[in-house]
Amino acid sequence: MATLNTNGRPAARIADAIDAAILRRLSDDPDATTLALAESTGLARNTVRARLARYRAEGALKSFERRIDPAFLGYPLHAHVVTKVTQRKLAAVAEALAGIPEVLEVSGLSGVADLLVHVVSRDAEDLYRVTGRILAIDGVKRTNTGLVMQELVGYRVTQLLHER
């Protein structure tokens, strides 16, 4: 029987030691076959296959897109656009942002700003165009753009697997 959270809905499953072993191996070699994962973790092939199917069903593994470097596609500049919006227009603003190809990710924030928009561009002039498109969206009140000068710590989660 599924565990329920305080809202009476099924609680999200949290990775156990078997999941951590499989995910650590996948992190090392994302293209590993089920057989290779089973051999390297000491688990039965059917166990690995069932866990991988569960990850897909639960949405535990994110898309392949995260592995593609935008610079390889001609977009070497990264920036974060901190955005203040009219709250009642938030859904429409998010939809408009999703329509801008250079927008990689949008996060809703609490505090002094409403959205953190991660964008890429071909060069500084292109960044000016992209941020202009964001500012032109109905409901966007103000933006502040910070150019990423250097990635000091890249996206990572493997270190969390060692806690399991």
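**Close-up views of a predicted model**

**View 1. Gly42 sits in the loop that joins H2 and H3.** Helices (H or I, at least four residues) and strands (E, at least two) are DSSP runs, numbered from the N terminus. With a relative accessibility of 65%, Gly42 counts as exposed; exposed means over 50% relative accessible area, buried under 20%, and partly exposed in between (1.4 Å probe, protein chains only). Along the chain, Gly42 and Ala21 are 21 residues apart, and their C-alpha atoms are separated by 9.4 Å. A word on what you are looking at: this is a predicted model, in which local features need pLDDT of at least 70 and side-chain atom pairs count only at pLDDT 80 or more, while totals for chains, interfaces and linings use all residues. Residues are numbered from 1 along each chain as its sequence is written, and side-chain values use heavy atoms, with hydrogens and water left out.

**View 2. Helix H3 (residues 45-58) has a buried side and an exposed one.** Val48, Arg51, Leu52 and Tyr55 are the buried residues here. They lie on the same side of H3, because they cover an arc of only 100° around the axis; the arc is that of the directions from the helix axis to the C-beta atoms. Their packing partners are helix H1 (17-28) and helix H2 (34-41), where contact means heavy atoms within 4.5 Å. Asn46 and Ala57, on the other side of H3, are exposed. Just past the end of H3, Gly59 adopts a positive phi of about 75°.

**View 3. Helix H5 (residues 124-135) is capped by Asp123.** A side-chain oxygen of Asp123 lies 3.2 Å from the backbone nitrogen of Glu125, at the N-terminal end of H5. This is a polar contact: a pair of N or O atoms within 3.5 Å, where within protein one must be able to donate a hydrogen and the other to accept it, and residues adjacent in sequence count only if both atoms are side-chain atoms. Asp126, Leu127, Val130, Thr131 and Ile134 are the buried residues of H5. Because they cover an arc of only 135° around the axis, they fall on the same side of H5. Their cover includes S1, helix H4 (90-98), S3 and strand S4 (140-147). Look to the other side of H5 for Glu125 and Tyr128, which are exposed.

**View 4. Ser121 belongs to strand S3 (residues 115-121).** Its relative accessibility is 1%, so Ser121 counts as buried. The Ser121 side chain reaches the backbone oxygen of Asp123 at 3.2 Å. Leaving aside residues up to four places away in sequence, Ser121 touches Tyr75, Pro76, Leu77, Asp126 and Leu127.

**View 5. Ser107 is part of strand S2.** A relative accessible area of 29% makes Ser107 partly exposed. Beyond residues up to four places away in sequence, Ser107 touches Asp114, Leu115 and Leu116. Ser107 and Arg24 are 83 residues apart in sequence, and 27 Å lies between their C-alpha atoms.

Conventions. The expected span of a helix is 1.5 Å times one less than its number of residues.
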